[in-house]
Amino acid sequence: MALTQMQIIQSLGEAMSWLEREISWGKNPAELTHFMGRIGELYVAMYTNGNIADDVM
């Protein structure tokens, strides 16, 4: 199921909030690669007006 552009933007905001929250709790940003990867995917999808892949290859 494809996400709408609005859903991508909302998801990006939520991911950024979680990243900021984890860092404020004292987590090392280098340990938060899952957030960084998701944020990167969402940003590219938003920027290119595209979407996120359903499958990992």
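The secondary structure of the chain in this predicted model comprises two helices and zero strands, where helices (H or I, at least four residues) and strands (E, at least two) are DSSP runs numbered from the N terminus. Residues are numbered from 1 along each chain as its sequence is written, and side-chain values use heavy atoms, with hydrogens and water left out. Local features need pLDDT of at least 70 and side-chain atom pairs count only at pLDDT 80 or more, whereas totals for chains, interfaces and linings use all residues.

Two packed helices are described by the angle between their axes and the distance between the axes. Here, the axes of H1 (residues 5–24) and H2 (residues 33–47) come within 9 Å and cross at roughly 155°; axes are lines fitted to C-alpha atoms, for helices over the stretch in contact, and angles run from 0 to 180 degrees between N-to-C directions. H1 is therefore roughly antiparallel to H2, a term that applies to angles over 145 degrees.

Contact means heavy atoms within 4.5 Å. Residues of H1 that meet H2 include Ile8, Leu12, Ala15, Trp18 and Leu19, and their counterparts in H2 include Phe35, Met36, Ile39 and Leu42. By class, the contact of H1 with H2 has 14 nonpolar, two polar and one charged residues; Ala, Val, Leu, Ile, Met, Phe, Trp, Tyr, Cys and Pro count as nonpolar, Asp, Glu, Lys and Arg as charged, and the others, Gly among them, as polar.

Buried residues (under 20% relative accessible area, 1.4 Å probe, protein chains only) make up 19% of the 57 residues in the chain. Leaving aside neighbours within four places in sequence, Phe35 is in contact with Ala15, Trp18, Leu19 and Glu22.

Key. Parallel < 35°, antiparallel > 145°, perpendicular 65-115°, else oblique. Buried < 20%, exposed > 50% of the residue type's maximum accessible area, 1.4 Å probe, protein only.
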